Amino acid sequence: MCTNGGGMPGSAAEALAAMGNILDFLGGPGIGESDPAALGGLLEALAGIDAKHAAVRMALLARFDAHDCHDSDGYQSTASWLAGKTRTTLRQARAELK
C-alpha cells in the first residue's frame with residue numbers, strides 16, 4: 001500500500017483497497033486463529049467499525065446524490081442507481097437515502 005508518509009493511505013481508493021485486504025484476512029483463516037477469549041472484544045471492535053462504515057457510506061451517498069452522479073450511468077435517481085449497482089431493491093435503496 002502506498003501512503004502519504006504518515007502511515008495512512010494516500011487516497012480513498014487506496015484506503016478501500018486496504019479495507020478489502022483486511023476484511024479478506026478476517027474472513028479467511030485469520031479469524032479462526034483468534035483466541036476464543038478475545039472473540040467478544042473482536043465483535044465489539046467490529047461494531048464500532050460498522051458504525052464508522054455507515055457514517056462514511058451516508059456521507060458518500062449524500063455527496064453522490066448532491067452532484068447527480070447517477071446521471072453519468074444513465075439512472076434517473078440515486079436510489080435507482082443504488083438499487084441497480086448494489087443489487088438491492090428500490091425500496092431498500094430509497095430507505096437508505098433518508
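I call a crossing left-handed if the near helix is turned anticlockwise from the far one by less than a right angle, and right-handed if clockwise. By that rule, I recorded the crossing of helix 3 and helix 4 as right-handed.

I noted that the model is predicted, that local features need pLDDT of at least 70, that side-chain atom pairs count only at pLDDT 80 or more, and that totals for chains, interfaces and linings use all residues. Residues are numbered from 1 along each chain as its sequence is written, and side-chain values use heavy atoms, with hydrogens and water left out.

**Helix 3**

I took helices as DSSP runs of H or I with at least four residues, numbered from the N terminus. After helix 3 comes Asp68, with a positive phi near 50 degrees.

**The crossing**

I found that the axes (lines fitted to C-alpha atoms over the stretch in contact, with angles from 0 to 180 degrees between N-to-C directions) of helix 3 (residues 39-66) and helix 4 (residues 78-86) come within 10 Å and cross at roughly 125 degrees. Angles under 35 degrees count as roughly parallel, over 145 as roughly antiparallel, 65 to 115 as roughly perpendicular and the rest as oblique; the two helices are therefore oblique to each other.

**Helix 4**

I listed Thr78, Ala79, Ser80, Trp81, Leu82 and Ala83 as its buried residues (under 20% relative accessible area, 1.4 Å probe, protein chains only). These pack against helix 3 and helix 5 (90-96), contact meaning heavy atoms within 4.5 Å.

Key:
Buried < 20%, exposed > 50% of the residue type's maximum accessible area, 1.4 Å probe, protein only.
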